[in-house]
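Dear colleague,

I am passing on the structure below, and my notes on it follow directly after.

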Amino acid sequence: MIAENDVVLAVDIGGTKTAVALADRDDVLLRVESAPTPAALGPAAVVATVIGLARRLLPSGARPLAGVGIGTAGVVDVSTGTIVSATDTFADWPGTPLADEVRRALGALVDAHAPVVVQNDVDAHAAGEFRHGAAAGASSALIVAVGTGVGAGVMLGGEAVRGAHHVAGEIAHMPTPGAEHLRCPCGRRGHLEAVGSGIGMHRHFLHLGGDPAVRDARGVAAAAETGDPLARRALADSASAVGRALAGAATLIDPERIVITGGVPNIGDAWWEPMRRAFAADAIDRLQSTPILPGVLGDEAPLRGAAASAWRAR
Ligand SMILES: [Zn+2]
């Protein structure tokens, strides 16, 4: 029997950092521990890191966990908790039956009938903002993360949309006019991530002839602030690409709210204004009033979303 005070384990496996938390029934994080992700060492090392952090959180003699929710880098088959594909950062990650391996490694720490739910980290992030953050109370939302890469989670009718090939919401690879000169991490040219991500913004800046001493998107934003015309153009082009993609995505799913998270929006008005202008230029009249809001949960979002998914699977 599950007592009122039981907790789930929430896990966020990112490319550089793994965070693990205990969460209560309202997905409130009670304690959080984190460590570097040993992504290059393979799945066994990543799972061992998760278990090590979990043991730090769980006092000896604690009741078994009521569930486990995991958000991880990579494309995930949620129905089996298996990694479908991933970037090269994670050695041997594709094919890893992560749900089974974490359950086995936790042993008696998790209730035998408790769910172990695995989903993509952007989907977990989206679930967090949808249930407890900037999209709380909405019945549908498009939650987009714009950072070193670009990702999105689609929530419709209160539920995450996963897609027939586990890649619903992969807004990174939407065809994007004006990005034809830039190669996307998927190998193709002209996709949103190639210009709209932080890395894409910087590459676009260099392509325009910008100062090679500027090292990244943060540098582009700083140069734009001092009036560098190429930096201003690269920043505006990058933000506009995101705004146009949002207009396209909103046309397809008509979300009640759009939420934008990640590091790039932190650039501020210099990013938000061209992004909003591009959305307004492309979105049809009925969509013009769609709220586009910044995320509010930060690093807590994927953990709270993972926790929510574990509770909802019970
Ligand atoms: Zn692509």
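Which residue in β7 does Val68 stand opposite? Val68 stands opposite Val116, where strands are DSSP runs of E with at least two residues and helices DSSP runs of H or I with at least four, both numbered from the N terminus. Please bear in mind that this is a predicted model, in which local features need pLDDT of at least 70 and side-chain atom pairs count only at pLDDT 80 or more, while totals for chains, interfaces and linings use all residues. Residues are numbered from 1 along each chain as its sequence is written.

Strand β4 (residues 68-72) pairs with β7 in the parallel sense over five bridges, two strands being paired if DSSP finds at least two bridges between them. Five of the five residues of β7 (residues 116-120) are buried, so this strand is largely enclosed by the rest of the structure; buried here means that 20 or more other C-beta atoms, placed from the backbone, lie within 10 Å of the residue's own.

Helix α3 (residues 121-132) is likewise mostly covered, with 12 of its 12 residues buried, among them Asp121, His125 and Phe130. From its first C-alpha to its last, α3 reaches 16 Å, close to the 16 Å expected at 1.5 Å a residue, that is, 1.5 Å times one less than its number of residues.

There is also an open sheet of five strands with mixed pairing, in the order β10-β9-β8-β11-β12, whose edge strands, β10 (159-160) and β12 (292-294), each pair on one side only. Strand β11 (residues 257-261) and β12 pair in the parallel sense over three bridges, and Ile260 has Pro294 as its bridge partner in β12.

Best regards
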